[in-house]
Amino acid sequence: MINGWEISPLVKVCKIGDGNHSANYPKSNEMVSEGIPFIRANNMVNGKVSWVDLKFITPEKHAILKKGHLKEGDILFTNRGEIGKIAIVDSDFENANLNSQIAWFRCLECLNNKFLYYFLLSPSMQNHYLVEKNGAALQQFTIRQINEIPIPIPPLPEQQRIVAILDEAFAAIAKAKANAEQNLRNAKELFERYLAGVFEGKGEEWEEKKLGDIVDNIMTGPFGSMLHKSDYVEVGIPVVNPQNLVDGQIIPLRKTMINNDTFNRLEKYALKDGDIVIARRGEMGRCAIVKNINIGWLCGTGSFVIRVNKKKADSEFLNIFLSSAVVKKELEKLSIGATMSNLNQTILSELLIKAPPVIEQQAIVQKLDALSAETKKLEAIYQQKINDLEEMKKSILQKAFSGELTK
């Protein structure tokens, strides 16, 4: 134990309560457009309570729900569902109310609330929640478990010194992280801007054509009684549906494969080298080229196969075109369906594309590949910086509660 520090159960250094669980818990139709804020776990963002998607209850309902009345400076802690999110209540949410997934802590005079906030965020505590949580359907960390959390308590002036150091360090890390995240966005946007410029097609030999005019065929996978869920096996020939299209690659998934007998019935839907597989529903522009490893896999019901005419178009060029932000936006506009966006063969066939002769398409692909490789290097650098900054926060927190930060 660090000299002058004590270990205390959390319940001895702060008041602890939680949200409401009674039969009076507000139903969705009892929420109002303005009134008393009713805070849920999704309103806890970056250590604060967010107004985004905030729900409200009437003052009358608030008076009935007596358990979760908050004060400025209270610490909020999600103890059901996603355990371990932390936020501090500011003046905007004085006397707000809580749902049943959140506990609140109100520090006594011996404990600085910001010191408690940082302690609850520390790696050792995050690991503690992970190990000690219970419940199968709904993960929870009970009030009894919260009461027993052992917290190291230095003298109050020492707590304040630690908080001041952490505030300064975290502000600097947040600024550095924001810069790295902006650089990451810039790197991604750089490629998209260049791509958009490519497909403006300002060259003399560029022609605008319909996609259906430069491919041999656009077909979807087997429908209806041709392929049932009961036909799927864990190991066999992969069936390619939208969930198999990941970051421009076709990924096999267990339990969505077929045996040889089923494949023989549906062989006409098999993928060939240079085909482009594009999602028929959900996220528009989700597509990938069939490589050697994917040849002979089966197109699923949720996808289209675009069989490219190699004399009229380059598969790589078309794949880049279809996955570009400009085309994704166009496909979203053209797609149909109330609950989920869907494409059909007509929409794809009628899609307009500006393209130069095939040999120039191939030259453009080479340039784009080189730029993409450089962009990915930059993205990796900035993402690593972001990861390193997160690790730095954990390291600083670990030192703070082992007494090393103020030595």
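**Close-up views of a predicted model**

**View 1. Salt bridges involving helix H5.** Among the 18 salt bridges of the structure is that of Glu-390 with Lys-177, whose closest N and O atoms are 2.6 Å apart. This pair also joins distant parts of the chain, with Glu-390 in helix H10 (residues 358-400) and Lys-177 in helix H5 (residues 156-198), 213 residues apart. Glu-390 is partly exposed at 26% relative accessible area, and Lys-177 is partly exposed at 21%. Lys-177, Glu-390 and Lys-393 are linked in a salt-bridge network. Glu-189 and Arg-193 form another salt bridge (3.8 Å, N to O); they lie 4 residues apart in helix H5 and are therefore separated by about one helical turn.

**View 2. The largest nonpolar core.** This core has 37 residues, and those with the most contacts inside it are Leu-10, Phe-105, Leu-116 and Ile-151. Beyond its neighbours within four places in sequence, Leu-10 is in contact with residues including Ile-16, Ile-146 and Ile-149.

**View 3. An open sheet of 3 strands.** The strands are ordered E6-E3-E9, with mixed pairing. Strands E6 (55-57) and E9 (97-98) stand at the edges with a single partner strand each, so one side of each is left without a neighbour in the sheet. Strand E3 (residues 36-39) pairs with E6 in the antiparallel sense over 3 bridges, and Ile-36 stands opposite Ile-57 in E6.

Key:
Residues are numbered from 1 along each chain as its sequence is written. This is a predicted model: local features need pLDDT of at least 70, side-chain atom pairs count only at pLDDT 80 or more; totals for chains, interfaces and linings use all residues. Side-chain values use heavy atoms; hydrogens and water are left out. A nonpolar core is a set of buried Ala, Val, Leu, Ile, Met, Phe, Trp, Tyr and Cys residues joined through side-chain atoms within 4.5 Å. Buried means under 20% relative accessible area, exposed over 50%, partly exposed in between (1.4 Å probe, protein chains only). Contact means heavy atoms within 4.5 Å. Two strands pair if DSSP finds at least two bridges between them. Helices (H or I, at least four residues) and strands (E, at least two) are DSSP runs, numbered from the N terminus. A salt bridge is a side-chain nitrogen of Lys or Arg within 4 Å of a carboxyl oxygen of Asp or Glu.
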